[in-house]
Every structure is written in C-alpha cells, then in structure tokens.
Amino acid sequence: MAIIRKKGIFAGVKLPENKITEEEPVKRLPLPQKVIIPIQQNIGAPCQFIVKRGNEVKVGQKIAQSDKFVSAPIHSPVSGKVSKSTKLVNPATGALLDAITIDSDGQDQWVDLDSILKIEDIDSWEDALAEIDRIPPKKALEKIKEAGIVGLGGATFPTHVKLSPPPEKKIDTFILNGCECEPFITSDHRIMLEYGQHVLLGLQIIKKILNPSRLYVAIEDNKPDAIAHMNKLLEQMGLDEVDVVSLPSRYPMGAEKTLIKTILGRVVPMGGLPMDVGVVVNNVATSKAVAEAVLEGKPLIEKVVTVTGLFGEPQNLLARIGTPISALVSHCKLRERDQYHIILGGPMMGLPISDLQFPVNKGLNCVLIKEGYADDEQNCIKCARCIAACPMDLMPLKYPELVKNSAYSQCSEYYIANCIECGSCAFVCPAHIPIVGYIKTGKKKLAEK
Amino acid sequence: MDKNKIIISHSPYLWKGFSTAKIMYLVVLALLLPAAAGIYFFGLYALLIIIASVATCFLTELAIKKLRKKRFRNDGSAVITGLLLALIVPPRMPIWMVVVGAFFSIAVVKEAFGGLGHNIFNPAIGGRAFLAICFPTQITEWIEPTYFRLDAVTTATPLSPDFTYPGTQAELYRDLFFGNTGGSLGETSALLIILGGILLLALRLIDWRIPIFYIGTVALLSLLLGQQPLFQVLSGGLMIGAFFMATDYVTSPVTRNGKIIFAVGLGIITVLIRNFGALDEGVAFSILIMNAFTPLIDKYLKLKTLGLQKKKEAS
C-alpha cells in the first residue's frame, strides 16, 4: 500500500466533508410503483426506445438502444407495462428529453440472465478468479456494453468505449477511483465497504481487458475503513499486484486529471483524455457494475444513491433506475425549510432540479437537499483566491467579466475549455460570484459559434 | 414540498463564507495598529483626523450609492480608504482639508470608476495626491512627536535633506523603528506597521511577494547607491505603503509573477524619486504609477493552464 501525503500537487480546496451518511449501510428502497426512463442516460449518442405504450416488459429487458458505438442500451428496471411516453427537462442543458413511464406489476420478474456465477455464492476466490481468466476479453467487453454500463461517478461515459482504447494508445496503468471527494456523498464509500468483492472482481475483469502493468485503488484518507477493507480483501483474494493508494482529502482529488497527476505525476494534455498518458480511470461503482454484468449477466438497473442533507433519516439507498426522486425524498423524511436547493449529485458539481418527479438515472449518486440562499453577487475585488484554488491553473476571475461583456472568444484565450467546473473558485470567492455559472454560459456560447 | 420553495441556481452550493466584508474589516483591524501608533505619537488631534477621514469616506460612498440608486454595501472598503488616508497625511493637517481629500478619494478615485473592484488607482493614495496638488504647503508640514502635549515643534522628516539627528546612529534607528520621528500620522512606527503586516500575512489576506520584493528592491538599490539600506527602509512611507497600500487587491496584479514585477517596479520608482526627483519621498507616486501598469501586467502575464501543450505560435 502506498500513502501519498504531499499536498499542493494541485491547488484545490479543503472542504467541510458533511459525510453524514457514511455509517449508514446501504438499504434497498422498496420497489417503485412506476418508473420514468429518460432516453438519454449517457454521454454520446442517444438511444431509441424499442418498446411502445402497452408493451409488457420484464426486469432487465432491453427497452432502448442505439447502433452507435458511443452509447449504452437501457433496460427495464421493473416488470410491468409501458404506460405512457412523456417529456422531462434535462437538468444539465434545460432541453426536453423523451421518456417513458413503466407501471410496475410488483412481481419483479426478471429476464433470463447469462450468468457465469453468483458473486455472493463464491466460496473460493481461486476458482472465481480462474473463471474470470477464462472469459475472453472481447466477450467481457460485449457483456459490459450489453449491460448498458456507463461511468457511474457521474460522467456517464459508456464504459465499454473507455475500455476499448485505440491500439496506438498503450495503457500501462489502471486506477480504480474511490476518492469520492465531494462533500455529503457516501455511495462509493459504502460500496467499497459492502460490495468490496464486487468492486475487486470488476477490477480483475478490467485488468483482463486492458492488461495494464500497474493497478491502483485510489481512496482519500478520510475513509480509513475503506482503505483497510480494500487491503484486507486484496489479501484474502490473493491480488498482490493491486496497490491501494491513500490520498490526502483535498477537493477535487477524484477528478481524473488531478488524480492522475497526484498518483503518477503525469499531466493529461489540455483537450486530451487520460488514455493519452497511458491511463484509464474508473469509478468503484462502475467496477461493481462491471462485475455484476460480466459474472452475473445483470444489466445496470439499480444504483446506490446517497440521500442526504435536510433529512430526518439521511441514508444510502439501493434504488432502481427510474424511481422518481420523490420516492427517495419521502423515504428519508425531508425536514421542511423555507427555501431549498434540490441537487442531483454533490454540492460542488451537482445539478439543480425543480421537479421531484425527475427519476434516478445511471449517473446519479446523490440526492442532496440543502437550505438555499439568495444570490448575492458582488463586485470582483481581484483578490485572486480563485486563481490560488483552481486545480487546473486557470484564471477563473476573468470569465465572469468576459462573459458579461459577451467576449466569448477571449474566454478561449484563458483556456475556458480546460475548466472541469469543479467549483473551487466559486467556493472561495469572497464576492460570492457564481463563477461556474458564467463558465458554463461561456462554454455554451462558444459551442454555438 | 412546495414548488415555490425550490431555488434553481448554478453549482456549487457550498460557499466558504469568507466574504469581502470580512476581509476588509480584518484589514481595518490590522490598520488599527499603525493608527494607534499615530495617536500615541501625535495626540488626540490625530484621532480627530482619523475620525474625520473615515466618516467622510463612509458617508461619501453612502451618498453616491444613493444618488446612483445602487445598493450600498457596508463592505468595509470605504473604512479602509478613510483610515489609510488619515495615516498618510501630516499629523496637523487641517481637518477640512482631510475631509476634502477623503471626499476626493471616494467620489473621484473610486466611485467615478465604478466603485469597489473597478478603480484603477488606490483611492487613499489618489486622495493624498490630490491634497498634495491643492495644499502643497500643508501636506509637507511635519512636526516632532508631541505625544499628548499640545505644543508642536516643526521638524524635517528623515528623508528630507534638512534632516539632522542629535543622537547616535543606534538611537536614530531605534526612533525610526518605534516611530519616534517626524512624518505622516501613521507611517512613522515601523514596528506597529510590521505587526499589522504580520497579521495580514498570518490571516492570508495579502501575498508576501509584494511587501518583500518592494522593500527588498529599495534596500538593494539604496545599497548600490551607497546609502544606508536600513535607514531607507525604515524612513518615510515605505513600510505602510508596502504592507497596506501596494497590496490592495483591486489595484495590484493577480498573478504571483505579476505581483513580483509590480513590487520590483515600485522599488525602482521609489528609489528614483527619493534620489533624483523633486520630492523627498516617492512611495505614494510610485504606487500610483505601478497601479496604472497593473492592467497591462495582468494582460501579458497569463497563467499556463495544466496540460497546456508547448505549441509554437504558428500564426
């Protein structure tokens, strides 16, 4: 095991952690009466529905797909009947998304799964690992693709694409990302503690596909129990080639570029991908889904979601995809306030919604309800705290000024495209300027050009 | 859950809460140290100047915001300007002149440019420069420290060619360090200014590069010119300028390298004015000159973002 204590490898900020649900075991949310499935649940090409109103569906049945490579099919999370097609507002873009509603029959009838073994029934790690070794990498990739797995850390990039780097990109390092650097969120933390075997089996499958020479499990040092548990499991399973790395808790440690820089000292070129420096990074929840897909044949139909903030009983819930957020919120007993933010994701990078009927989707790892405050933007005093905080070494203070003046092309001179929208700048800004909002506007306007 | 209660706004939804007002009032706290020294050495009249200057700045800002129908924020910036101006005028400056200077600082140097964050020049120094133009005699009338006696004896400041010191060199440095010498109301006590500066540094309110490179440049150039570096550093307005005025966020560069260039420029101009200019002291004007260069420094010193490819500019 390696411990990296050195700070200052990237700037970033120290955040209040607020991990109030870190001790809460994952509980299964009762089956929803209906699910709402938006058509776009991944970065890349959107799917087309292949079921219509009135069709009967089973759990795990494919209901939407695309013939494009950069896409991931969607499966029914419940058994029942497609009852209507509807529209939802995409919180990331504000555009309308097609969606269908499936009424659950409460039977939870599954399609037949192409299962090799049940992870919970494994009694010999040697046998299970030998089983993984027998699966051809192509077949494993195909199963990952068919299971509709996308990056579950929130990026929702189709995993089979990430695991199929072009041949000229030699991958020498794979990093399993268990940093979970955003405040409040504990879903990955709980997954590492409660589904550690799944996560590490997934890691073995990914290793088989990518064949890297170095494997890391990256965890921030605010989760010593997860670090210890991962080390224990690796020992039990006899996986001594995997190195658990303990990292300082500093935001945004879990962002791919800062993580790679911290562990390997490599810098992903601007506009490039981790594979450009020989690295692939996947989230622990994604790895769990990979293990379930390849070994159990299970498509991605449920997610561990942290429901936290202003709740009487904040929890980590295993929820079916498509479950309306309202079901999670009422399950955890919301504490009423005058003004709320309802945030999908963490407090730093999450997206706001106003409609509690919005469903759990593949990228969702947290529902955070926080007390809201009114906007109170003041003049920039050029204190440069945003510059000191920016993990990408940008000059965030330039963007609000340029965007207000519609000087979008000048934003490019300040490398606006390299911004990862982590929110460190706005967090430290004494003038309370919503810098990330200006950056998002600037990027959007540049894309429209 | 009531829909009207839901707020949609951009991420992040966490804020450190270290606001502009908190920063400014912490600077005010640090400024109270040299202000206390000013009152100690120059008596209650110094306190009167401070009150007049702060009140004028505050009320001017309030009135202008009202006239322009903009929201007035008690962010502390006007208080800093008022305090700073009071600390850099002679200790027996007529009150009405101080009021004129304070009004000019806020109304012209700050608000006419758009208010906090938009001003090009440091408002307090702009106000002092205005006073120097309007009242050239009164702005150079120095007295010996009176403590709380009423009678005042005129004197020359240490940087003046007429300056003579009756004691030994050690006593001279002791007086310069503690502030027992002629000069502006709050500039004489290097000790309390440095303590205030340490407070600013400890609270991470200012970047160390500006005071260190500014003072360092003055010391080095003075040495090269065959002067006593320590005397040059402890005399005049250098200490208060380096810690409290050149470090003003709005009027100094935002990047670390920019701050170094800015500070070295300040040092060079200060030494040039002190040695070759018509004035005895050059801190205020050197800061005004470098303030004017700040936008240019910021324009040409862009940071290189992480992962920027070393690409030759083809076109």
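## A helix pair in chain B

In chain B, helix α5 (residues 123-134) packs against helix α12 (residues 283-300) at an angle of about 125°, and their axes are 10 Å apart. Axes are lines fitted to C-alpha atoms, for helices over the stretch in contact, and angles run from 0 to 180 degrees between N-to-C directions. Helices (H or I, at least four residues) and strands (E, at least two) are DSSP runs, numbered from the N terminus. This is a predicted model: local features need pLDDT of at least 70, side-chain atom pairs count only at pLDDT 80 or more, and totals for chains, interfaces and linings use all residues. Residues are numbered from 1 along each chain as its sequence is written, with chains lettered from A and ligands numbered from 1 in the order in which they are written.

Where do α5(B) and α12(B) meet? B:Ile125, B:Arg128 and B:Ala129 of α5(B) meet B:Ala284, B:Ile287 and B:Leu288 of α12(B) (contact: C-beta atoms, placed from the backbone, within 7 Å).

## Where the chains touch

Chain A brings 52 residues into contact with 35 residues of chain B. On the chain A side, β16 (340-344), α13 (424-428) and α14 (435-448) are the elements that give two or more residues. The largest share, four residues, comes from β16(A).

## A glycine in a loop

A:Gly106 sits in the loop between β9 (96-104) and α1 (125-134) of chain A. A:Gly106 counts as exposed because it has 11 C-beta neighbours inside 10 Å (buried: 20 or more other C-beta atoms within 10 Å; exposed: 12 or fewer; partly exposed: in between; C-beta atoms are placed from the backbone). C-alpha to C-alpha, A:Gly106 and A:Glu235 are 41 Å apart in space and 129 residues apart in sequence.

Conventions:
Contact = placed C-beta atoms within 7 Å.
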